[in-house]
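The notes follow in the order I took them.

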Amino acid sequence: MTSSLDPFAFWLTAPVFPHVEIARDAGFTAVVLDIEHGTFNLDDLDRVIPFCRALGMRVYAKVLGPLTEPIQQALDFGADAVIIPHIADVAHARDVTASAKYPPLGRRSYAGGRTVGYGPAPDNYASSENARTRCWPMIESREALADVEKIAMLPTVDGLFAGPTDLSMAAGNERYVFSDEDKADIARIATAAKAAGKPWVMPCWTAPERVFAKAHGVSTTVVGAQFYMVRAAFAALKDGLAAEGLV
C-alpha cells in the first residue's frame, strides 16, 4: 500500500478550481482538502473531488471531525482517503475509524452512486473499496500520541497522519516551532507506523521538516498551503517592484 502513495501533496483550503489545475500542471498528483478548517460545503465536495480525480489526482479529504457522517460523505463523493482530526485514545480511534470501512471490517453504510458508477455494486465491492480507500487518523492530541502504537495496529487504520502543530500546542506550547520535543513526538508517530507496516503522512511547510520527515521514512509530505502560496507570490511581486524603484 505504501508504494502507491504520492510522495507529495498540496493543501487546498478553498475550492478554487484553477489552483487545482495549476498544481496539476506543476506536477502534483495528490491534494489534501482541508474541509475541517476550509470553506468546502457538500456541493463543493461533490464537484471538487471528481474534478481532481478527473485530472488524475488522488484526493485526501481531511473531514470536519471524528464523526460518521462527514467520513462517509467524503468517501461516497469519491475521496481516496479520509484524514480524521480530533482523535483521542485507541478506544475512540477504534470507534471512529470503523465508519471508514464496510462490514465486516467496519460499519460504513452503503450509499451507491459515484463509487459504483451509479449502477449495481459488483460482488466484491465492499472488500475492494475497503482496500482502495485509506483511513488516516490524525495524531494531534496527547491522548492519541500516548496510544499511537495501538492506534497504528487497528485493522480499520491504513496509516497515520501527523498533526504537529496541534500536538505541540496540546503540550502547552504557545505555538509549534519544530523543537526537539516536537521532533521526538513526530519520530514516535513514524516509529509506530513502521512497526505496524503502514505509511505515515505529515504536512511539512519548511525544508528542515521535510528533511526530518524523509529521514524517518515519511510516505507522503504535504506542502504548499494554498493561501500561503498566494500570499508569498504577492509579497515577492511587491519586493520585486520595490527593487525596481517602482514602490
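I count as helices the DSSP runs of H or I with at least four residues, numbered from the N terminus. The model is a predicted one.

Entry 1, the helix ends. I looked up α2, which covers residues 42–54 and has 13 residues. Its first and last C-alpha atoms are 18 Å apart, close to the 18 Å expected at 1.5 Å a residue. At its start I found a side-chain oxygen of N41 within 3.0 Å of the backbone nitrogen of D43. After α2 comes G56, with a positive phi near 85°.

Which residues of α2 are buried? I listed D44, L45, V48, I49 and C52. Seen down the axis of α2, these fall within an arc of 110°, so they line one face of the helix. D43 and A54, on the other side of α2, are exposed. I then checked what the buried residues pack against: β1 (8–12), α1 (17–25), β2 (30–34), β3 (58–62) and α3 (68–76).

Beyond its neighbours within four places in sequence, L33 is in contact with residues including L45, V48 and I49.

The unreviewed UniProt entry places "domain: HpcH/HpaI aldolase/citrate lyase" at residues 19–197. I found that span to be 44% helix and 13% strand, with its end C-alpha atoms 34 Å apart.

Methods: Residues numbered from 1 in each chain as written. Predicted model: local features only at pLDDT ≥ 70, side-chain atom pairs only at ≥ 80, totals over all residues. Heavy atoms only, no water. UniProt positions renumbered as here; feature names shortened; annotations may be inferred. Helix = DSSP H or I, 4+ residues; strand = E, 2+ residues; numbered from the N terminus. Expected span 1.5 Å × (residues − 1). Buried < 20%, exposed > 50% of the residue type's maximum accessible area, 1.4 Å probe, protein only. Arc of directions from axis to C-beta. Contact = heavy atoms within 4.5 Å. Polar contact = N/O pair within 3.5 Å; in protein donor to acceptor, adjacent residues only side chain to side chain.
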